[in-house]
Amino acid sequence: MKLVLGYLYPSVMSQYGDRGNVLTVVNRCRWRGIDVEVEDLDVGDRVDPDCVDLLLVGGGADAHQRLVHEDLVAVKGEGIRRAVDEGAAAFAVCAGYQLWGHYYRTAAGEELPGLGVFDAHTVHRAAQTGTRLDTIASAGSVRAVGNLVVEWGAHVLVGFENHGGRTYLHGGSCPLGRVLAGGGNNSEDGWEGCVYNNAIGTYLHGPALPKNPKLADHLILAALHRRYGNVRLDPLDDVPETAAHDRTVARALARPRRWLRLWGQGVA
Ligand code: GLN
């Protein structure tokens with residue numbers, strides 16, 4: 001079996017180690033004898049929906065999103081939407097997740113149109129409150145920064161978040177899971193991420209997949225299923241992954257975060 005992985009904007013959108021998600025998929029496939037071809041899809045490159053099985057995109061600052069949003073919609077949009085509608089898997093993290101919604105309003109109040117794969121929109125907290133980001137403290141006061149723990153069906157996902165954007169899911173869309181610790185989509189409704197077909201949007205950085213092997217295998221299976229039908233993945237020895245996961249979850253749940261005070265979420 002062979003899996004084609006499309007890595008969107010590797011040179012622009014890969015904050016907080018998100019490239020590690022690519023390495024995780026590649027290794028977890030190769031350890032099982034599944035061949036992986038990684039296609040770097042940078043600005044100007046089209047997405048061939050008949051060729052790509054799994055799309056990965058990472059995070060970036062507002063300035064990075066400004067650099068790629070036109071290309072994402074005009075050059076890659078049609079291919080990505082068709083691939084996802086036909087069952088390709090996708091994992092879009094933070095800035096990537098935000099641009100796969102309908103739009104992202106930046107801290108400066110500029111509206112960047114998105115792909116509309118996720119029925120959601122995002123507004124930077126500074127644009128909501130009119131906060132000027134001219135000091136470290138003011139910039140920090142509008143961001144969710146720290147460990148993020150999410151209940152995902154029978155499993156718990158863990159990662160790191162750092163975003164000013166607040167994402168609001170619209171009626172028809174389905175969250176990835178329920179927030180157990182951290183901000184998640186918007187620190188108001190208790191939900192994190194969004195799922196459409198086999199595409200997952202999330203605020204889980206870190207990178208997320210090394211510490212969440214079940215999520216990594218879920219994406220690999222969905223990607224292979226489209227091309228090969230019902231396939232099974234041989235179990236891997238995930239002792240180090242599970243140890244890292246469990247330790248980070250325990251730490252995150254043991255210490256609720258400082259930033260809640262900054263956001264005036266009523267923590268004394
Ligand atoms: N620029 C976006 C925000 O601040 C995304 C940040 C990120 O990808 N870490 O919300």
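## Glu151 and its surroundings

Let's start with Glu151, which sits in strand S8 (residues 144–152); helices (H or I, at least four residues) and strands (E, at least two) are DSSP runs, numbered from the N terminus. Setting aside neighbours within four places in sequence, Glu151 is in contact with Leu176, Gly177, Arg178 and Leu180, where contact means heavy atoms within 4.5 Å. Glu151 counts as partly exposed, because its relative accessibility is 31%. On that scale, buried means under 20% relative accessible area, exposed over 50%, and partly exposed in between (1.4 Å probe, protein chains only). Asn230 is 79 residues away from Glu151 along the chain, and their C-alpha atoms are separated by 26 Å.

A quick word on what you're looking at: this is a predicted model, in which local features need pLDDT of at least 70 and side-chain atom pairs count only at pLDDT 80 or more, while totals for chains, interfaces and linings use all residues. Residues are numbered from 1 along each chain as its sequence is written, and side-chain values use heavy atoms, with hydrogens and water left out.

## Helix H1 and what covers it

Helix H1 takes in residues 19–30, so 12 residues. From its first C-alpha to its last, H1 reaches 17 Å, close to the expected 16 Å; that expected span is 1.5 Å times one less than the number of residues.

Which residues of H1 are buried? They are Gly20, Asn21, Val22, Thr24, Val25, Val26, Arg28 and Cys29. Their cover includes strands S1 (2–8), S2 (35–41), S3 (54–57) and S4 (89–93), along with helices H6 (213–228) and H7 (239–254).

## Where H1 meets H6

The axes of H1 and H6 come within 10 Å and cross at roughly 75°. Axes here are lines fitted to C-alpha atoms, for helices over the stretch in contact, and angles run from 0 to 180 degrees between N-to-C directions. That makes H1 roughly perpendicular to H6 (under 35 degrees is roughly parallel, over 145 roughly antiparallel, 65 to 115 roughly perpendicular and the rest oblique).

On the H1 side, Thr24, Val25, Arg28 and Cys29 meet Pro213, Ala216, Asp217 and Ile220 in H6. The residues of this contact divide into five nonpolar, one polar and two charged. Ala, Val, Leu, Ile, Met, Phe, Trp, Tyr, Cys and Pro count as nonpolar, Asp, Glu, Lys and Arg as charged, and the others, Gly among them, as polar.

## Aromatic pairs

The whole structure holds four aromatic pairs. Rings of Phe, Tyr and Trp (its six-membered ring) pair if their centres lie within 6.5 Å; planes under 30 degrees apart are stacked, over 60 edge-to-face and the rest tilted. One of the pairs is Tyr97 with Phe118, edge-to-face at 5.7 Å centre to centre and 80° between the planes. This pair links distant parts of the chain, 21 residues apart: Tyr97 is in helix H3 (residues 95–99), Phe118 in the loop between strands S6 (111–113) and S7 (120–124).

Buried or exposed, what is Tyr97? Tyr97 is buried, because its relative accessibility is 2%. Phe118 is buried too, at 0%. Ring pairs also join Tyr97, Trp100, Phe118 and Tyr203 into a cluster.

Tyr16 isn't a glycine, yet has a positive phi of about 50°. Tyr16 lies in the loop between S1 and H1 and is partly exposed at 31% relative accessibility. Cys94, also not a glycine, has a positive phi of about 50°. Cys94 sits in the loop between S4 and H3 and is buried at 5%.

Finally, the peptide bond from Gly206 to Pro207 is cis, with omega near 5°. Pro207 is in the loop between strand S14 (199–202) and H6.
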